Amino acid sequence: MLEQLLAQYRAAPDSFDEMLDASGQPRPQWRAMLELMAADAPDAMRQRIDTVQSQVRENGVTYNVYSDARGIQRPWDLNVLPLILPQDEWSGIEAAVIQRATLMNLILGDVYGEQKMLAEGLLPPALIHGHAGFLRPCHGMKHSDGVALHFYSCDLARAADGQWWVLSDRTQAPSGAGYALENRSIISRIFPDMMRDLKVQPITGFFRTMRLSLADWGRRCAANGSSGTPLRDSEAPLIVLLTPGPYNETYYEQAFLARYLGLPLVEGSDLTVRGGMVWLKTLSGLQRVHVIMRRVDDDFCDPLELRSDSALGVVGLTEAARLGNVLIANSLGSGLLESGALLGFLPALCRRLLGEPMKMPSVATWWCGEAAALDQVIGQLDQLVIKPSFPQLRQLSVFGQDLEGIARADFIEQMRANPSNYVAQEQVRLSQSPVWQPGSPGGLSARAIGLRVYACATPYGYVVMPGGLTRAATGRDARVITMQQGGGSKDTWVQSSAERGLQRPLLRSTRSQDLIRDDTHLSSRMAENLFWFGRHTERCDNIARLLRVALNVLFEVRPGYRGAEWPTIEALCTWFSLLDPKAKKQAQGQAQAQIQGLAANLGKDLSDEEIESALLLAVVSPEVPGLARQVRQLFRTASHLGERLSVDNWRALNWMVQRVLDLEQQPSQSEAMTILDDTTTSLMTMAGFAMDGMTRDMGWRFLSLGRRLERLQFQSLVLQHALGMPANGNLDWLLELSDSIITYRTRYRAQPEWLPVLDLLVLDESNPRSIVFQMDGILKGLGKISLSYGPCGFEQLLPLNDELLALAAATDLYWRNARLIDLLVRINVASAAMSERIGLKFFTYTDNLPHRTGNV
Amino acid sequence: MSDSSASAGHAWPCARYRVVHETHYTYQSPVSLSQQYLHMTPRSFNYQQTESHRILIDPAEEEGRDGTDYFGNRTRHVTITVPHKVLLVRAESTVALTPRHDLERIRATLPWEQLRAMMTRDRSAEILEACRYLYASPHVNCSPALERYARISYTLSRPQLDAAQELCHRIHEDFEFDDKATDISTPLEEVLAGRRGVCQDFAHLMIGCLRSLGLPARYMSGYILTHPPAGQPRMIGADASHAWVSVYCPDLGWVDFDPTNRSLVQCEHVTLGWGRDYSDVAPMRGIVLGGGEQELEVRVTVSPLPITGSTPA
């Protein structure tokens with residue numbers, strides 16, 4: 001069986017194979033996995049792959065690819081087979097990464113401090129003073145424990161002889177650790193027993209350590225800063241994760257990390273600097289921020305002192321950091337060390353600063369700014385990759401072997417003209433690792449891989465994540481691996497030896513006085529997003545139900561005959577723009593015009609076919625008003641909630657979005673009905689999360705308020721229309737639309753009549769669809785919000801509520817009651833006005849966006 | 001950094017000035033929060049002593065913090081939280097200047113190629129300090145075109161400052177002062193091709209020429225004394241901010257040239273500070289919340305004061 005499995009798998013002679021040794025035998029760490037696969041039932045692997053893919057899809061793990069036609073959403077590519085590394089090999093990697101992180105931190109401290117390495121000739125001044133990433137305003141800043149590099153990662157590759165090499169360093173805002181965590185959570189479901197047998201080390205402790213370290217330094221920031229007010233034992237330092245926003249390529253990961261670490265995910269506009277300190281704008285006022293874990297690039301962090309055209313940063317952040325009032329991880333200006341030009345100088349710097357040789361070499365690199373290097377590089381151009389020395393040059397890497405003729409001569413001339421702008425690196429022959437490819441005989445094939453590893457600083461030194469993000473190229477010979485260009489990823493398993501437990505640094509842990517019972521850090525922006533998330537969820541539900549009712553009524557009657565209730569339903573559909581005579585004629589026009597011409601249809605009632613076609617379009621097409629467009633809107637709002645929604649909630653949402661938006665062609669009527677049913681079910685699930693899965697904090701109140709206001713608006717509108725319908729109209733649709741048909745049937749077991757229907761939909765305080773129920777909930781919710789944040793004008797709803805409660809079943813609940821219709825109209829208007837008032841009172845407005853006045 | 005310390009020594013002042021620099025913003029709608037970063041305080045160094053200085057702001061700032069930037073310039077961070085539609089920042093300074101080098105010494109400086117070689121090899125504190133001003137910066141790029149323009153003056157083995165002076169004169173002759181032709185975002189290539197601009201452009205141009213040759217050059221921000229037409233009184237507020245260039249030479253240190261006025265800087269230039277280019281020392285850089293459309297008016301007055309008998313405290 002094993003032979004069969006390996007039948008198509010080739011260990012390449014010129015590169016290292018992670019699975020097979022030189023003699024073609026499986027390496028020890030792979031034996032168990034291969035045995036498992038060999039003994040597997042024929043479709044076991046297929047099932048595992050399905051599980052991985054559905055997990056990725058349902059968890060909504062995405063990577064934003066700028067060039068992707070599918071917009072900002074691309075599913076994460078996770079291969080089912082991990083990279084497995086035995087403990088002894090890992091120990092070497094771990095020690096080397098700790099050494100390198102320590103070295104990088106010392107270099108950073110020197111460059112932004114005394115610059116002794118320049119004076120001693122160990123670093124060429126051009127690499128610092130000629131680098132746009134050397135942020136002059138950050139020179140001289142002090143850091144707790146001398147740590148400027150809190151989070152570090154580097155890309156490793158393994159050469160043919162088995163030796164690991166460092167390809168590049170990430171010192172600014174390393175990405176991918178969250179994806180590594182997500183990969184682990186998915187793969188550990190596929191191979192739980194195997195992971196236990198192989199003693200795979202968990203990686204969650206790494207994130208705990210990182211958070212505790214940041215909290216520890218944050219505590220010192222609060223006390224040591226220029227305006228030090230030490231935190232009481234009962235107070236926790238506030239750590240936030242600063243994101244560039246949902247359009248960033250790794251936004252999913254940022255939201256995932258924020259949720260996992262329990263940090264508010266904030267955008268620059270959520271923060272403000274006053275008195276040299278950083279504050280989070282929350283509904284209850286400004287909250288002091290002690291630590292910013294940032295994913296915004298160095299120079300974008302502060303439009304006042306750094307890039308003045310940045311809209312992503314926080315005005316005055318540099319000054320706050322300079323005063324020691326906030327810890328920024330990583331410190332501003334740390335991106336400087338990502339320049340490949342540094343690599344060649346590291347061995348000497350390591351000996352000078354740490355007194356020892358480098359434990360893991362960097363891939364051979366020459367900075368062409370040195371005359372001897374330039375000649376050598378030009379001499380062996382074919383074996384080299386040429387990269388820009390500085391990010392401000394905005395150049396791509398060039399493979400020497402790709403250059404021919406005039407292009408080659410031009411390129412060499414450019415290099416000679418500005419040698420310091422170029423770095424040359426040896427091309428690395430990447431190691432290969434198996435991936436499972438469904439369909440290929442044996443299933444296993446080889447892919448080039450690279451490993452990204454992570455370290456975080458603690459007050460006691462660096463700690464390395466036992467694992468990492470393994471990235472696989474699309475083919476076995478790939479020269480570069482980037483997720484941006486569509487590579488895949490793998491989980492990374494590091495085995496532990498029995499005697500070695502997981503290191504737990506001794507840091508302050510949560511005590512009873514640290515417990516937090518409310519979301520005091522709820523930002524105004526987040527409250528607004530939650531409010532609109534509530535409204536959009538409910539609006540989706542309303543539209544799905546309305547479409548279902550309309551399609552039902554349209555198809556249940558005899559052809560050519562519509563019940564007396566139809567005009568009312570049609571009016572509602574028109575109100576929500578689901579039926580727009582003009583738009584619909586155009587949509588259908590092309591097909592029909594060919595056959596019979598458009599003119600015949602003008603001015604007439606719409607035919608059943610026309611209505612059906614328009615309604616089906618409204619279900620699936622985001623091009624017209626309707627469900628698909630509304631679902632997309634909901635998804636956009638949700639994408640700003642990131643870490644506030646649970647993974648399960650996301651899964652329900654993603655499933656619904658894919659169900660509605662991934663349709664490739666116009667659905668049939670029955671398919672559309674199934675989509676509508678599924679959508680309603682998903683929305684019920686999400687409502688369930690809101691009811692049962694979210695804590696009743698202020699964020700929840702805003703979400704809930706959004707839902708209720710939307711529902712009150714909808715129900716009051718529907719009832720107004722319904723009350724004006726002809727006497728012989730059927731009432732089933734009204735109960736169906738209001739999700740109250742079951743209750744009605746259980747109670748009355750008869751055809752619906754006006755009095756009991758109105759009682760159920762207006763006055764019944766036990767029915768969540770009734771006007772009274774929603775009004776009561778809104779008043780209570782607003783009352784709670786007012787208690788915390790001051791008056792918000794809910795008193796204006798009270799007279800309407802009094803009128804509502806004064807209605808009597810015996811005298812007021814009848815068809816075409818003008819007083820009742822008038823009250824419903826006023827309730828409808830008042831709920832819209834209330835929504836606006838909430839916006840004015842609690843949410844920030846776009847015309848308040850800061851803008852630049854300088855430079856003068 | 002010998003030049004950045006206030007070593008005015010006991011040299012006899014050659015001039016004293018009072019400078020008033022007013023910046024006046026009018027906004028269309030109220031500004032609720034204004035955060036400003038100012039480079040409006042003249043620094044003291046071997047040719048200049050700042051005797052007195054204050055910044056007045058209306059409406060009054062909630063907080064203000066003085067500091068020193070990477071280049072040794074004096075800075076001030078200001079936050080204004082009172083809603084306002086008009087903002088006035090008034091910087092008042094009194095400075096005393098001491099004489100600089102005379103023209104004769106310039107002819108005897110080292111050949112420029114020698115300085116270029118020192119810049120790549122020498123690691124002394126002074127050369128490393130000069131390295132800060134050796135490379136491209138946000139408003140100054142290096143290019144073959146700039147180098148070609150510079151080479152006309154930078155001939156074989158010519159003394160560094162002698163060549164710099166000729167370059168300064170050529171810029172003055174080849175370029176026309178035109179405050180409509182450019183703004184601060186106009187690229188250097190365009191200035192070079194169009195042959196028009198203002199003092200900032202000429203300063204950036206000369207810096208770009210020098211750096212393209214591999215020589216360091218600083219951007220100087222400050223003011224210049226203007227001379228009213230004969231028989232007329234000095235107009236209040238008629239002056240403006242000024243910019244010029246400082247060129248390094250190991251024999252004499254940093255020597256200032258003003259390509260806008262075809263002059264070696266002596267006793268009519270008041271220095272605020274210096275950096276790689278305008279972006280490092282913009283007098284006023286700020287972000288406001290609200291405001292809408294804005295109008296800006298800047299008024300500068302440089303008035304000579306009597307040279308007092310004693311060196312000021």
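**A closer look at the backbone**

Guide: A:Ser577 is partly exposed, since 14 other C-beta atoms lie within 10 Å, a count between the 12 or fewer of an exposed residue and the 20 or more of a buried one. The model is a predicted one, and in it A:Ser577 has a positive phi of about 60 degrees although it is not a glycine. Most residues other than glycine have a negative phi, and most peptide bonds are trans. A:Ser577 sits in the loop of chain A that runs between helix H16 (566-575) and helix H17 (581-596).

In chain B, phi of B:Arg195 is near 60 degrees, again a positive value in a residue other than glycine. This arginine is placed in the loop between helix H6 (188-194) and strand E7 (196-197) of chain B, and B:Arg195 is exposed, with 12 other C-beta atoms within 10 Å.

The bond from A:Ala329 to A:Asn330 is cis, with omega near -5 degrees, and A:Asn330 has its place in the loop between strand E10 (327-329) and helix H12 (346-354) of chain A. The bond from B:Asp58 to B:Pro59 is cis as well, with omega near 0 degrees, and B:Pro59 lies in the loop between strand E2 (48-58) and strand E3 (63-68) of chain B.

Turning to the helices, H15 (residues 524-556) and H19 (residues 627-639) of chain A pack at an angle of about 160 degrees, with their axes 9 Å apart; they are therefore roughly antiparallel to each other, and their crossing is left-handed. By class, the contact of H15(A) with H19(A) has 10 nonpolar, 6 polar and 1 charged residues. Among the residues that meet there are A:Trp532, A:Phe533 and A:Arg539 in H15(A), and A:Leu627, A:Gln630 and A:Leu634 in H19(A).

Helix H22 (residues 698-723) of chain A has 26 residues, which at 1.5 Å a residue should span 38 Å, and its end C-alpha atoms are 37 Å apart, which agrees. Of the 26 residues of H22(A), 22 are buried, so this helix is largely enclosed by the rest of the structure.

Between the chains, 28 residues of chain A are in contact with 30 residues of chain B. On the side of chain A that touches chain B, helix H5 (116-119), helix H6 (125-129) and strand E21 (850-852) of chain A each supply at least two residues, and the residues of that side divide into 10 nonpolar, 13 polar and 5 charged.

Terms used: Residues are numbered from 1 along each chain as its sequence is written. Chains are lettered from A and ligands numbered from 1 in the order in which they are written. This is a predicted model: local features need pLDDT of at least 70, side-chain atom pairs count only at pLDDT 80 or more; totals for chains, interfaces and linings use all residues. Axes are lines fitted to C-alpha atoms, for helices over the stretch in contact, and angles run from 0 to 180 degrees between N-to-C directions. Helices (H or I, at least four residues) and strands (E, at least two) are DSSP runs, numbered from the N terminus. Angles under 35 degrees count as roughly parallel, over 145 as roughly antiparallel, 65 to 115 as roughly perpendicular and the rest as oblique. A crossing is left-handed if the near helix is turned anticlockwise from the far one by less than a right angle, and right-handed if clockwise. Two residues are in contact if their C-beta atoms, placed from the backbone, lie within 7 Å. Ala, Val, Leu, Ile, Met, Phe, Trp, Tyr, Cys and Pro count as nonpolar, Asp, Glu, Lys and Arg as charged, and the others, Gly among them, as polar. The expected span of a helix is 1.5 Å times one less than its number of residues.
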